[in-house]
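Student: I have a new model open and would like to go through its side-chain contacts. Can we start with the aromatic residues?

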Amino acid sequence: LNQSEGGQSTCVFCRKNDDCPNKYGEKKTKEKWNLTVHYYCLLMSSGIWQRGKEEEGVYGFLIEDIRKEVNRASKLKCCVCKKNGASIGCVAPRCKRSYHFPCGLQRECIFQFTGNFASFCWDHRPVQIITSNNYRESLPCTICLEFIEPIPSYNVLRSPCCKNAWFHRDCLQVQAINAGVFFFRCTICNNSDIFQKEMLRMGIHIPEKDASWELEENAYQELLQHYERCDVRRCRCKEGRDYNAPDSKWEIKRCHCCGSSGTHLACSSLRSWEQNWECLECRGIIYNSGEFQKAKKHVLPNSNNVGITDCLLEESSPKLPRQSPGSQSKDLLRQGSKFRRNVSTLLIELGFQIKKKTKRLYINKANIWNSALDAFRNRNFNPSYAIEVAYVIENDNFGSEHPGSKQEFLSLLMQHLENSSLFEGSLSKNLSLNSQALKENLYYEAGKMLAISLVHGGPSPGFFSKTLFNCLVYGPENTQPILDDVSDFDVAQIIIRINTATTVADLKSIINECYNYLELIGCLRLITTLSDKYMLVKDILGYHVIQRVHTPFESFKQGLKTLGVLEKIQAYPEAFCSILCHKPESLSAKILSELFTVHTLPDVKALGFWNSYLQAVEDGKSTTTMEDILIFATGCSSIPPAGFKPTPSIECLHVDFPVGNKCNNCLAIPITNTYKEFQENMDFTIRNTLRLEKEESSHYIGH
């Protein structure tokens, strides 16, 4: 099969010995079988499928299949060079043109490196249609900056998302190969989804690999170097400022804000490495800015799957683009430079919209939903005003009110929203179809409430299904639901029965039984083979989970646009998936210990009791839980993604029982003689306070 020209191996398909990866793909030689191929020549050949694993044969194409394809192509004459071996054919109906890959490039054919890897000849290739062309002068290619005529052609392409962005085809192809699928995007607006889809249609190959700059050996080695020097004014270490002895008082602790200054633990009187330390510069920025208080850092749960939900029962393409080593495990984590953002930072950025002007909300804790509705629908309410909460009691003749915690109010509101009739499902929820809620525009209000809660420091919702999240980010048309999204038992049973049918007769029998339902939802289809059941299941899922709730979804989506939240979610889906689809991590003694800061002169003994108490609660030796402690002090059962404001603090007071101030996130702990007395007082107060609050709420609801 393999021929040689000038001692160099030639491709068995195109008979060329050129080694030009940008044009023909990687050139691969298998000496064992005396076989050389260009990757693109192999990938685009019309009569071969990728039947092996990536490491088998050549890129997953088996050797015997390659030989059969070469034999088939040897009987086909290229319509360009008139030589045999034309393995690629135009997919347009009734078009009989065949050609070699290099000959196709020469005649400006288009090869689509996606889906079924279709090829189009020069007469049938896809084109970009521009409805009106108002450009009278040349415009620069936004990659090489050379001027080009802004008229779509084979060699000149236009961005689908930015009307003023024009490119040379060759510039785009080189850019795509260097950037890879994770970084290839519009050079003007940074869009990747729409841009990549159009470029694939127009024949640009976007390899599924890391960007070339990511693959350089030790490219980011300097980022792995830790700063190790004590920078305090008076370093007390006799070995010098550069001395670092781990697990001792001479271990160097870096500033947890900038990481570029350090101190020995002993030089700054730090008791343990876990304590946070800020250098003088960062401390001045944080505490003297007046406008901004640092959000406490906390760990958020990672998303195991942030892409579009895998299509149920859908077969993959017989040809798969190659992936570089490790890219499959990275594709969920790789987010490009703009995606490597912490959700806390993103929410704090959104919070910069909040003005100093304050709006007081009068909230009845026993009727959170209606109180919030009335407040948010008030014509004087502006979501960008700072929120102040006052709790009131319904039918209170004295009109009394008392200050409330904003974060407690938002936490209670999100709990109500999660369990409301606007959503369906057990843990991961989708939108329901509630006609009364539609009439009252409650889906819009729910989206608005959720957006306001996130920006104003509310908790992680954590109850979205991946399907609902993907619909918001990628659009319903690009989302495929799964069986777990169906909360209706009868519909789920129909899907299961169809999916488990083993013969065409069984399948038709099930369809006859469910005829009225399938006709009602518009999912009746002609059944000719057993595999038709997969498309039927897909249609039913699409109707029940997406099409049926189209109106509630659009309304909910509009509400989420409040304060620019939806736009931020769509720009950084991986970051927001962690708080919309996942519950916060469980609290631990270490997390709570680091969360609460000590503002007043501490009582060393009381603080020791506090740390011992946290450990006892974690070990199950107490009647309270970590969540109970946090609710008692702040009104929240978890740490909000944007952090607490103000930062939770501890005071040691000569009192018999602990006192929680939810408005200031302050916990006053008692100074006692023994730890036993400390734990008994803490358990008794926290347990009974939370119980009384629940009873009061139930009492008001009952009336």
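Tutor: Phenylalanine 596 counts as buried, because its relative accessibility is 5%. Keep in mind that this is a predicted model.

Student: How many aromatic pairs does the structure hold?

Tutor: There are 21 aromatic pairs. In one of them, phenylalanine 596 and tryptophan 610 have ring centres 5.8 Å apart and planes at 80°, so the pair is edge-to-face.

Student: Where do phenylalanine 596 and tryptophan 610 lie?

Tutor: Phenylalanine 596 is in the loop between helix H23 (589-595) and strand S20 (597-598), and tryptophan 610 is in helix H24 (residues 604-618), so the pair ties together parts that are 14 residues apart in sequence.

Student: Is tryptophan 610 buried or exposed?

Tutor: Tryptophan 610 is buried, at 3% relative accessibility. Another aromatic pair, tyrosine 675 with phenylalanine 678, is stacked, with 6.5 Å centre to centre and 25° between the planes. Both residues lie in helix H26 (residues 675-702), three residues apart, about one turn of the helix.

Student: Which ring does arginine 107 lie over?

Tutor: Arginine 107 lies over the face of tryptophan 122, 4.0 Å from the ring centre.

Notes:
Residues are numbered from 1 along each chain as its sequence is written. This is a predicted model: local features need pLDDT of at least 70, side-chain atom pairs count only at pLDDT 80 or more; totals for chains, interfaces and linings use all residues. Side-chain values use heavy atoms; hydrogens and water are left out. Rings of Phe, Tyr and Trp (its six-membered ring) pair if their centres lie within 6.5 Å; planes under 30 degrees apart count as stacked, over 60 as edge-to-face and the rest as tilted. Helices (H or I, at least four residues) and strands (E, at least two) are DSSP runs, numbered from the N terminus. Buried means under 20% relative accessible area, exposed over 50%, partly exposed in between (1.4 Å probe, protein chains only). A charge sits over a ring if NZ of Lys or CZ of Arg is within 6 Å of the ring centre and within 35 degrees of the ring normal.
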